[in-house]
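Hi everyone, thanks for making time this morning. I'd like to walk you through a few local details, so please have the display open while I talk.

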Amino acid sequence: MSKVQLSIPVALLIENLRSSGEPTDVIIECIKQRDFSPLLGKVKEKTMDFEERCQTAEDIGDEWEEAIHSGYEFKFLHINGLKRLLYFRFDRAIDRDYEQDGITLKNLHLDPGEIDTLQGLIGRQWQVIEEDHEVGSMQRTVSIKLLYRNEDD
């Protein structure tokens, strides 16, 4: 079964709303009602234009509700979108939790579950590469590199 594919604005809307810590059904209801007041004080990026992103989802037909329930992957994801995803989903920030070298992110520490989740979200375009891990530690040091491939692959 293929995953729902979401555009950057819609996926980051979902991730920002999830950062509130509220249950899935509350998030879905807020999107349907386009009333984000119950979440505004809790999300990581309070200045996001939630209404505009909901309109984008409607305009382009992104299946956001299905994505929330069963998971999704990004249709396309640029480096800045990747950094925002790391912040919303995993609370990892550039220069605090990892470094950027061109279009590669390095020295990012994630546990195996986070690595799997991240690869599932970004695997169409990016590769999460495990560099090393300390014995006895659940944390792994990873790099994230852009995949270079032909459309026929």
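Let me begin with a definition: a charge sits over a ring if NZ of Lys or CZ of Arg is within 6 Å of the ring centre and within 35 degrees of the ring normal. Here that applies to lysine 44, whose charged end sits over the ring of tyrosine 87, 5.0 Å from its centre.

Some housekeeping. This is a predicted model, where local features need pLDDT of at least 70 and side-chain atom pairs count only at pLDDT 80 or more, while totals for chains, interfaces and linings use all residues. Residues are numbered from 1 along each chain as its sequence is written, and side-chain values use heavy atoms, with hydrogens and water left out.

Staying with rings, how many aromatic pairs does the structure hold? There are three. A pair means rings of Phe, Tyr and Trp (its six-membered ring) with centres within 6.5 Å; planes under 30 degrees apart count as stacked, over 60 as edge-to-face and the rest as tilted. Tyrosine 72 and phenylalanine 74 form an edge-to-face pair, 5.7 Å centre to centre with 65° between the planes. Both tyrosine 72 and phenylalanine 74 are buried, where buried means under 20% relative accessible area, exposed over 50%, and partly exposed in between (1.4 Å probe, protein chains only).

Now to helix H3, residues 50-60. Helices (H or I, at least four residues) and strands (E, at least two) are DSSP runs, numbered from the N terminus. The buried residues of H3 are Phe50, Arg53, Cys54 and Ala57. Why are they on the same side of H3? Because they cover an arc of only 105° around the axis, the arc being that of the directions from the helix axis to the C-beta atoms. These buried residues pack against helix H1 (8-18), helix H2 (24-33), helix H4 (64-70) and H5; contact here means heavy atoms within 4.5 Å. Just after H3, glycine 61 takes a positive phi of about 80°.

Arginine 53 is buried yet has no salt bridge, and the nearest side chain of opposite charge, glutamate 45, is 5.2 Å away. For charges, Lys and Arg count as positive and Asp and Glu as negative; His and the chain ends are not counted. A salt bridge is a side-chain nitrogen of Lys or Arg within 4 Å of a carboxyl oxygen of Asp or Glu. Not counting residues up to four places away in sequence, arginine 53 touches Ile8, Pro9, Val10, Leu12, Leu13, Met48 and Arg84.

Lysine 83, in helix H5 (residues 79-90), is also buried without a salt bridge; its nearest side chain of opposite charge, aspartate 95, is 8.1 Å away. Leaving out residues up to four places away in sequence, lysine 83 touches Arg92, Ile94, Tyr98, Gln100 and Leu105.

Finally, which phi values are positive in a residue other than glycine? Aspartate 91 has phi near 55° and lies in the loop between H5 and strand E3 (99-101). At 40% relative accessibility, aspartate 91 counts as partly exposed. Asparagine 107, with phi near 60°, lies in strand E4 (residues 104-110) and is partly exposed too, with a relative accessible area of 36%.

That's my tour; happy to take questions.
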